[in-house]
Amino acid sequence: FTTEGMISSDANYYLNVYDIMGRKMVEQRVGAERESAEIELGKLPRGIYLIDIWNNNKRLETQQLLIQ
């Protein structure tokens, strides 16, 4: 999963991946110097996941992801 174009480079961001039961599966910090980030999801089992993008304790965006 790549965040190209989803974040700006003015602050640090956190990308959190949750399974359908609400368990946090991945947490990744993205530094202010980066305009995009890649999350390695290859080890996650098949299923539906939610990817949240956070900045300053505010959720900016949520994306749904289906791994088949």
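View 1. The chain has 4 strands and 0 helices. Its pattern along the sequence reads β-β-β-β. Helices (H or I, at least four residues) and strands (E, at least two) are DSSP runs, numbered from the N terminus. Contacts mean heavy atoms within 4.5 Å. Among contacts between residues at least 6 apart in sequence, 44% join residues at least 24 apart. The accessible surface comes to about 4,700 Å², and 44% of that belongs to carbon and sulfur atoms. Areas come from the Shrake-Rupley method with a 1.4 Å probe; for residues, only the protein chains shown count as cover.

Residues are numbered from 1 along each chain as its sequence is written, and side-chain values use heavy atoms, with hydrogens and water left out. Because the model is predicted, local features need pLDDT of at least 70 and side-chain atom pairs count only at pLDDT 80 or more, while totals for chains, interfaces and linings use all residues.

**View 2. Strand 3 and its antiparallel partners.** Strand 1 and strand 3 run antiparallel, joined by 6 bridges. Here L15 stands opposite I53 of strand 3. Strand 3 also pairs with strand 4 (residues 58–67), in the antiparallel sense, over 9 bridges. D52 has T62 in strand 4 as its bridge partner. Two strands pair if DSSP finds at least two bridges between them. Strands 3 and 4 form a hairpin with 2 residues between them. In the turn, N56 has a positive phi of about 50°.

**View 3. D19, a buried residue of strand 1.** D19 belongs to strand 1 (residues 13–19). Its relative accessible area is 8%, so D19 counts as buried. The D19 side chain makes a polar contact with the side chain of R23, at 2.6 Å. A polar contact is a pair of N or O atoms within 3.5 Å; within protein, one must be able to donate a hydrogen and the other to accept it, and residues adjacent in sequence count only if both atoms are side-chain atoms. Leaving aside residues up to four places away in sequence, D19 touches M25, I48 and Y49.

**View 4. I48 and a nonpolar surface patch.** I48 lies in strand 3 (residues 47–55). It is partly exposed, because its relative accessibility is 36%. Together with I20, M21 and L66, I48 forms a nonpolar patch on the surface. The four residues have about 440 Å² of accessible area together.

**View 5. K24 in strand 2.** Strand 2 covers residues 24–30 and includes K24. With a relative accessible area of 43%, K24 is partly exposed. K24 touches N16, V17 and Y18, not counting residues up to four places away in sequence. K24 and L50 are 26 residues apart in sequence, and 9.5 Å apart in space, C-alpha to C-alpha.

**View 6. E40 in the loop between strand 2 and strand 3.** E40 is exposed, at 64% relative accessibility. A polar atom of its side chain lies 2.9 Å from the backbone nitrogen of G42. E40 and V26 are 14 residues apart in sequence. In space, the two are 8.9 Å apart, C-alpha to C-alpha.

Note on methods: Buried means under 20% relative accessible area, exposed over 50%, partly exposed in between (1.4 Å probe, protein chains only). Patches are made of residues with over 30% relative accessible area and no salt bridge: like charges are joined within 9 Å, nonpolar side chains (Val, Leu, Ile, Met, Phe, Trp, Tyr) within 5 Å. A salt bridge is a side-chain nitrogen of Lys or Arg within 4 Å of a carboxyl oxygen of Asp or Glu.
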